[in-house]
Amino acid sequence: MALLKQAYLLVWKDLLLEMRRRDSLLTMFFFGTLLLFVFHFSFDAAPERVAEMAPALLWLAFLFTGTLGLAQLFQPERENHCLDALLLAPLDRGALFLAKSFFNLILMVIVEIIVIPLFWILFNLRSWNLLPQLFLVTLLGTVGFCVLGTITSAITLQARARELLLPLVLFPLMVPVILATIRCMENVLRTGEFGDAIPWLRLLIGFDVIFLTAGVLIFDWVIER
Amino acid sequence: MAQSSQPTRKRKGILGALALVAIAIGLFWSLVVAPPDAYQGDAQRIMYLHLPSILTAYLSYFLVFVGSAMYLWKREKRDDLLAHSAAEIGVLFTALTIIEGSIWGRPTWGVWWTWDARLTLTAILLLIYVGYLMLRSLTEDENRAASAAAVLGIIGFLDIPLIHMSVYWWRTLHQPPSILRPDKVPWENVHPSMLTALAISFAAFLLLYFYLLSLRYRLGEMREEIKARRLGREA
Amino acid sequence: MGAWGFVSLAYGIVWGSILVYVVLLKRRYGDAAAELAALKSTEAISRDAEK
């Protein structure tokens with residue numbers, strides 16, 4: 001499909017740019033790790049309580065780290081009138097949306113793959129066997145974040161105080177994802193399986209599908225001259 | 001753009017007058033005629049404010065959605081005006097709903113705030129549409145502000161059912177069912193005049209809402225015209 | 001504060017705020033209408049001057 005092929009090319013371009021200078025990736029990674037340290041100093045928690053708080057703390061870290069990535073998302077396009085060039089090209093804007101979302105997703109996943117085990121090490125948690133399930137939930141939540149985040153990043157592109165406006169607009173919209181991922185992860189950590197949290201999982205998947213579709217359809221009107 | 005004609009202004013005046021009458025009757029019914037609730041006493045009368053205002057807020061956000069969608073489709077300024085006006089008034093009513101809910105909670109629950117589903121939901125709604133208004137005011141180019149806001153107006157509205165579900169599940173999954181909610185409508189002991197009071201209050205709020213909307217909309221129209229004439233002047 | 005105290009507080013805040021909003025709107029309405037009239041009259045004057 002032309003849409004996916006265009007998206008693939010755009011993602012490849014962004015990845016190449018990122019691999020050369022690694023600005024976003026490194027900043028996001030160090031910020032995420034820094035937050036873990038800050039959390040550790042903030043809570044003097046016993047090991048049992050840390051396991052309870054882990055999902056929430058992790059998600060706080062990912063939300064703020066992800067926002068950093070979103071602020072940078074369209075940075076390459078803002079330089080040298082690249083955005084104009086992109087818009088002049090016979091591209092489906094939906095492809096641009098998919099590409100940017102997926103690119104941010106890749107960055108966040110890379111950070112998460114390192115930060116989650118790091119969290120387990122720093123906070124002396126034992127439940128290593130549950131990590132695959134936790135990763136799955138995190139992935140689904142991150143998809144939701146990237147999808148809504150890309151739309152939000154694009155519509156705030158021309159606003160003043162953009163770094164403040166972006167989270168202000170994005171975070172309330174993220175409530176379903178935040179609730180669903182944290183409740184799912186809590187359940188997994190408590191019972192070792194999804195069980196009662198399956199409805200939350202379904203909500204998460206539904207959220208992802210709805211806003212992925214909405215984003216592709218609506219992106220034509222988001223970025224324009 | 002045509003100036004507001006005599007008939008339109010007259011219609012607005014009539015709407016305003018009707019709203020005023022309905023509000024007066026509603027106040028009388030809510031505060032005097034309707035009996036106090038068996039469990040909550042007179043504090044329950046806040047319900048006659050609370051339910052209509054939250055419903056008006058939802059109506060407003062629906063209009064934001066419609067205006068936003070129409071604007072993205074047809075690019076006519078009037079749809080953008082509708083969305084903007086509806087968002088502004090919607091924020092007003094949402095803020096009022098939260099305040100009413102909080103005040104209602106104090107005598108019935110003993111606390112000014114609780115993270116129960118409805119209050120939390122309303123607070124999130126407020127944040128979303130305050131964000132909408134901030135996005136508009138912080139984006140400098142007019143047309144871009146309108147487009148950006150329209151996208152947010154649509155996305156925000158699509159999110160509302162999801163937020164509803166997630167917050168209700170979160171609050172009710174492990175909640176003992178016997179908790180008395182202050183904003184629970186006392187259906188078991190409903191006196192017919194309570195329903196009448198509610199109905200009149202609904203009508204009053206609706207009339208008031210459309211009156212405010214028409215005022216705000218007209219204000220927006222005039223501002224647009226001023227801008228257009230000024231620009232034409234400089235050309 | 002008795003029950004009626006809370007009721008008056010709620011009703012007072014609500015109708016008070018709405019009143020304030022209406023007053024604000026009407027004031028801005030008046031300002032805009034005046035400005036519009038001023039713009040229109042100067043336009044009419046300049047048009048007449050051109051004739």
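Biologist: Which residues in helix 10 of chain A meet which residues in helix 5 of chain B?

Modeller: A word on conventions comes before the reply. This is a predicted model, in which local features need pLDDT of at least 70, side-chain atom pairs count only at pLDDT 80 or more, and totals for chains, interfaces and linings use all residues. Residues are numbered from 1 along each chain as its sequence is written, and chains are lettered from A and ligands numbered from 1 in the order in which they are written. Two residues are in contact if their C-beta atoms, placed from the backbone, lie within 7 Å. Helices (H or I, at least four residues) and strands (E, at least two) are DSSP runs, numbered from the N terminus. On the side of helix 10 of chain A, the residues are A:Pro199, A:Leu203, A:Phe207, A:Ile210, A:Ala214, A:Ile218, A:Trp221 and A:Val222. They meet B:Ser147, B:Val151, B:Ile154, B:Ile155, B:Leu158, B:Leu162, B:Met165, B:Ser166 and B:Trp169 in helix 5 of chain B.

Biologist: How many residues of this helix contact are nonpolar, polar and charged?

Modeller: Ala, Val, Leu, Ile, Met, Phe, Trp, Tyr, Cys and Pro count as nonpolar, Asp, Glu, Lys and Arg as charged, and the others, Gly among them, as polar. The contact of helix 10 of chain A with helix 5 of chain B has 15 nonpolar residues, two polar and no charged.

Biologist: At what angle do helix 10 of chain A and helix 5 of chain B pack?

Modeller: Axes are lines fitted to C-alpha atoms, for helices over the stretch in contact, and angles run from 0 to 180 degrees between N-to-C directions. Here the angle is about 175 degrees, and the axes are 11 Å apart. Helix 10 of chain A is therefore roughly antiparallel to helix 5 of chain B. The classes are roughly parallel under 35 degrees, roughly antiparallel over 145, roughly perpendicular from 65 to 115, and oblique for the rest.

Biologist: How many residues of chain A and of chain B are in contact?

Modeller: There are 26 residues of chain A in contact with 27 residues of chain B. Helix 10 of chain A supplies the largest share of the chain A side, eight residues. That side divides into 21 nonpolar, two polar and three charged residues.

Biologist: How do helix 2 and helix 6 of chain B pack?

Modeller: Helix 2 (residues 47-74) of chain B packs against helix 6 of chain B at about 40 degrees, with axes 9 Å apart. Helix 2 of chain B is therefore oblique to helix 6 of chain B. Their contact comprises 11 nonpolar residues, three polar and no charged.

Biologist: Is B:Ala146 buried or exposed?

Modeller: A residue is buried if 20 or more other C-beta atoms lie within 10 Å of its own, exposed if 12 or fewer, and partly exposed in between. B:Ala146, in helix 5 (residues 142-172) of chain B, is buried, with 22 other C-beta atoms within 10 Å. Leaving aside neighbours within four places in sequence, B:Ala146 is in contact with B:Tyr71 and B:Asp80.
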